[in-house]
Amino acid sequence: MPDRYFSETPIEGPLATLAGSEAHHLLHVMRAGPGDRVTLFDGAGAEFDAEVQTLARATATLRVLERREVSRESARELVLAVAIPKGDRQKWLVEKLTELGVTSLVPLLTERSVVRLAGSALDKLRRNVVEASKQCGRNRLMEITAPRSWNECIEGFPEHRRLVAHPGVAAGLTAGSQTPTVVAVGPEGGLTDHEVELAQQHGWRPIALGPRILRIETAAIAAATLVALADGGNHG
Ligand code: SAM
């Protein structure tokens, strides 16, 4: 993947401007100069060949040479609703779900949740999505939604196949669905029986991800991978 830079503003005309950490990366880490070629994306689906035109102290202006519609998205929508783990494991979770092509991550608040994400923590995780997308070549950003309570989550997604990862249940994933899917993953302390029963009443199906107890982020990554495989691969 060539050097990719993310433009916060939609790229529409013949010029694009990079600011903030993207400009810093181009100017001070890559030490780019006028005439250097890079790839830009703005999260809306396309990527752009561009040439550095002018450099200021904290911004760079680039001339857009070519716009290409390049999709590296999965064939179907996949939402992961996850009780966010603590510390560094958050970044790791976001990075891997972005790489695996997950469409949206919904931070879940459950009875036994420990982590309650505030605005600045969400912003930091959204920045991790950009970093992972630069690296893996996604031209659409994985959305990180506002946190949702368990009730809000299970009452949502009426059009989706709704799965709740719960250790010890008999059922696993079944193959062959091309429908949009949402998978819920509980906190370290697990989902309560009551939460799982409520979800079932709203049409969610409990599934096991194997005979071992996985940590939150492992369960989320396994679910994303298994859904993609069960549905015939992770291709667009
Ligand atoms: N003692 C907790 C329990 O029994 O639910 C363990 C929770 S586990 C660390 C965190 C979350 O990952 C669980 O709530 C579940 O959503 C998911 N998970 C972990 N291992 C799983 C498995 N083998 N099958 C299905 N889901 C699993």
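So, Cys-136 is partly exposed at a relative accessible area of 23%, while Cys-153, at 0%, is buried. Buried here is under 20% relative accessible area, exposed is over 50%, and partly exposed is in between, with a 1.4 Å probe and protein chains only. Searching the whole structure turns up 0 disulfides, meaning pairs of cysteine sulfur atoms within 2.5 Å.

Quick caveat: this is a predicted model, where local features need pLDDT of at least 70, side-chain atom pairs count only at pLDDT 80 or more, and totals for chains, interfaces and linings use all residues. Numbering starts from 1 along each chain as its sequence is written, and side-chain values use heavy atoms, leaving out hydrogens and water.

Now, the helices, which are DSSP runs of H or I, at least four residues, numbered from the N terminus. Helix α2 (residues 88-99) packs on helix α3 (residues 119-136) at about 45°, axes 9 Å apart. The axes are lines fitted to C-alpha atoms over the stretch in contact, and angles run from 0 to 180 degrees between N-to-C directions. That pair is oblique, the label left over once you take out under 35 degrees as roughly parallel, over 145 as roughly antiparallel and 65 to 115 as roughly perpendicular. Cys-136 is one of the α3 residues meeting α2, where the partners include Val-94 and Thr-98; contact means heavy atoms within 4.5 Å.

What about α2 and helix α6 (residues 216-230)? They pack at about 5°, axes 10 Å apart, so α2 is roughly parallel to α6. Among the α2 residues there are Trp-92 and Leu-93, and α6 brings Ile-216 and Ala-220, among others.

Conventions:
Helix = DSSP H or I, 4+ residues; strand = E, 2+ residues; numbered from the N terminus.
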